[in-house]
Amino acid sequence: MTPVNQPPTNHGHQDWIPVLELATQEVFELMLGCQLVKPAAPANGAPANITGMVGLAGQLCGVLSIGCDEKAAALMASKMLGIELSKVGRPEIADALGEVCNMAAGNFKNKISGLGDGCMLSPPSVITGDDYNIHSMAESPSLEISLLFESMPIHVCLQIHS
Amino acid sequence: MEETNHVSGKPKHFPPFGDEQILMPIRALIVDDSSVMRKIVDRSLRQAGIEISQLFEAGNGAEALGVVQDNKVDLILCDINMPVMDGLEFIKQLATVDNAKGVPVVMITTEGSEAHVVQALACGARGYIRKPFTADQVKEHVIPILAGKP
């Protein structure tokens with residue numbers, strides 16, 4: 001994994017976007033054996049009917065989520081398990097997306113100086129469904145990136161609460 | 001005294017052959033609350049050239065304690081963040097299980113900070129692998145432990 005050791009800053013944390021992107025890309029590269037690419041154009045409105053979420057608490061409080069279409073999540077599970085796509089079931093899909101999210105969150109915090117020790121992760125949760133929105137009650141910045149996984153969009157969002 | 005294989009009584013490893021250690025098949029216990037991650041760890045061990053004669057799986061530390069009380073294992077790979085009983089508590093309690101005395105534990109976890117590494121090693125872990133990881137990293141950390149190197 002590429003060490004970044006980005007120091008924490010306090011201006012909306014937009015400078016963390018490349019770190020978040022790298023942390024996510026490394027998870028896909030090392031654990032799924034594939035590269036994520038940046039879309040040529042923003043994938044606005046692309047369906048996300050499954051979302052993995054991991055809470056962060058401590059020096060950084062927030063939620064890291066990865067949303068995508070269920071087909072993309074099934075392909076993640078297939079690649080992680082090394083089995084055919086047709087043999088992947090719903091429990092494996094949720095488990096795989098939760099783990100991807102967990103590893104992306106862990107990899108991200110370990111790249112930000114001081115967060116490795118000062119920030120804990122919650123167990124991952126996975127939400128599925130065709131029509132849902134996630135609302136944060138905290139007025140807080142969020143870092144969002146869109147990437148393509150095997151030509152399918154995935155959305156990574158870090159909502160920072162404090 | 002040289003560590004012996006629990007099944008055959010033969011030495012657990014042979015002298016180096018070229019750059020490779022020829023290892024006996026091992027009985028491995030993989031502890032992680034994610035079944036997907038358990039499969040990945042299993043596959044990484046095999047890709048690292050480690051032959052597994054028997055594979056045990058557990059979803060948390062409490063289940064893993066039950067496994068080692070009833071079965072002999074040669075290697076334990078364990079996550080830290082798990083429900084019911086986490087990995088650090090598991091290795092503390094593992095010391096009280098006669099069946100598991102001297103069995104090396106390698107932590108595989110997203111908690112990759114220096115403090116976590118120190119804490120895990122203080123609890124008795126012999127190695128530490130950060131997620132995400134490659135099969136090469138598993139090989140690099142696990143083979144020397146199985147080969148009896150400090």
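Reader: Which strands of chain B each supply at least two residues of the lining of the largest cavity?
Author: Strand 1 (26-31) and strand 3 (75-78) of chain B do. This is a predicted model. The lining includes Ile30(B) and Val31(B), along with Leu77(B) and Cys78(B).

Reader: What makes a residue count as part of that lining?
Author: A lining residue has an atom within 4 Å of a cavity point. Val41(B), Asp32(B), Asp79(B) and Ile108(B) are also among the lining residues.

Reader: How many nonpolar, polar and charged residues does the lining have?
Author: Six are nonpolar, none is polar and two are charged. Asp counts as charged, and Cys as nonpolar.

Reader: How many cavities of 30 Å³ or more does the structure hold?
Author: One. The largest cavity has about 30 Å³ of space.

Reader: Why is helix 2 of chain A called largely enclosed?
Author: Ten of its twelve residues are buried, so the rest of the structure largely encloses helix 2 of chain A. Buried means under 20% relative accessible area. Among the buried residues are Leu75(A), Met76(A) and Met80(A).

Reader: What span is expected for helix 2 of chain A, at 1.5 Å a residue?
Author: The expected value is 16 Å. Helix 2 (residues 70-81) of chain A reaches 16 Å from first C-alpha to last, close to that expectation.

Reader: What makes Asp69(A) a cap of helix 2 of chain A?
Author: A side-chain oxygen of Asp69(A) lies 3.0 Å from the backbone nitrogen of Lys71(A), at the N-terminal end. The cut-off for a polar contact is within 3.5 Å, so the pair qualifies.

Definitions and conventions. Residues are numbered from 1 along each chain as its sequence is written. Chains are lettered from A and ligands numbered from 1 in the order in which they are written. This is a predicted model: local features need pLDDT of at least 70, side-chain atom pairs count only at pLDDT 80 or more; totals for chains, interfaces and linings use all residues. Side-chain values use heavy atoms; hydrogens and water are left out. Helices (H or I, at least four residues) and strands (E, at least two) are DSSP runs, numbered from the N terminus. The expected span of a helix is 1.5 Å times one less than its number of residues. Buried means under 20% relative accessible area, exposed over 50%, partly exposed in between (1.4 Å probe, protein chains only). A polar contact is a pair of N or O atoms within 3.5 Å; within protein, one must be able to donate a hydrogen and the other to accept it, and residues adjacent in sequence count only if both atoms are side-chain atoms. On a 1 Å grid over the protein atoms alone, a cavity is a set of points where a 1.4 Å probe fits but cannot get out, and a pocket is an open set with protein on both sides within 12 Å along at least five of seven lines; lining residues have an atom within 4 Å of a point. Grid points are joined across faces, edges and corners, and a volume is the space filled by probe spheres set on the points.
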